Amino acid sequence: MASAEQLAPFQHIEVQLRGGAPWGFTLKGGLEHGEPLVITKIEEGGKAAQSRKLRVGDELVNISGSTVYGSRQEALVLIKGSYRTLNMVVRR
């Protein structure tokens, strides 16, 4: 029998970080590695941790209104291009 977690649809969570880089999280994976683009670390006391919305294992799907198609390089360009505010959508 499937667990409730297996039956539940993905959640999309909107996250807004303010104040400029460093944003306080680490990404791993991407199309280049044949893996989804996921958050692997959240720095204690960093902006990502203070938002209380990001979790390790969240998959990054949108940055500042641009859909991320899984490329880590593309995601890094969009993140670095965010000056004072970083808006993201993650899938959990």
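1. Ground rules. This is a predicted model, in which local features need pLDDT of at least 70, side-chain atom pairs count only at pLDDT 80 or more, and totals for chains, interfaces and linings use all residues. Residues are numbered from 1 along each chain as its sequence is written, and side-chain values use heavy atoms, leaving out hydrogens and water.

2. An unreviewed UniProt entry lists residues 12–92 as "domain: PDZ"; its positions follow the numbering used here, feature names are shortened, and annotations may be inferred rather than shown by experiment. Over residues 12–92 the chain is 17% helix and 43% strand, with the end C-alpha atoms 6 Å apart. Helices (H or I, at least four residues) and strands (E, at least two) are DSSP runs, numbered from the N terminus.

3. Strands β2 (residues 25–30) and β3 (residues 35–42) pair in the antiparallel sense over 5 bridges; two strands pair if DSSP finds at least two bridges between them. Phe25 stands opposite Ile42 in β3. The hairpin has 4 residues between its strands, and Gly34 in the turn has a positive phi of about 70 degrees.

4. Most residues other than glycine have a negative phi, and most peptide bonds are trans. Against that background, please look at the peptide bond from Ala21 to Pro22, which is cis, with omega near 0 degrees. Pro22 sits in the loop between β1 (12–18) and β2.

5. Arg52. Although not a glycine, Arg52 has a positive phi of about 60 degrees. You will find Arg52 in the loop between α2 (47–51) and β4. Its relative accessibility is 77%, so Arg52 counts as exposed (buried means under 20% relative accessible area, exposed over 50%, partly exposed in between, with a 1.4 Å probe and protein chains only).

6. Ser64. Here is another positive phi in a residue other than glycine, near 50 degrees for Ser64. Ser64 belongs to the loop between β4 and β5 (66–67), and is partly exposed because its relative accessible area is 38%.

7. Asn62 and its surroundings. Asn62 is part of strand β4 (residues 59–63). With a relative accessible area of 17%, Asn62 is buried. Leaving aside residues up to four places away in sequence, Asn62 touches Thr67, Val68, Asn87, Met88 and Val89, where contact means heavy atoms within 4.5 Å. A polar atom of the Asn62 side chain also lies 3.0 Å from the backbone nitrogen of Gly65.

Definitions and conventions. Polar contact = N/O pair within 3.5 Å; in protein donor to acceptor, adjacent residues only side chain to side chain.
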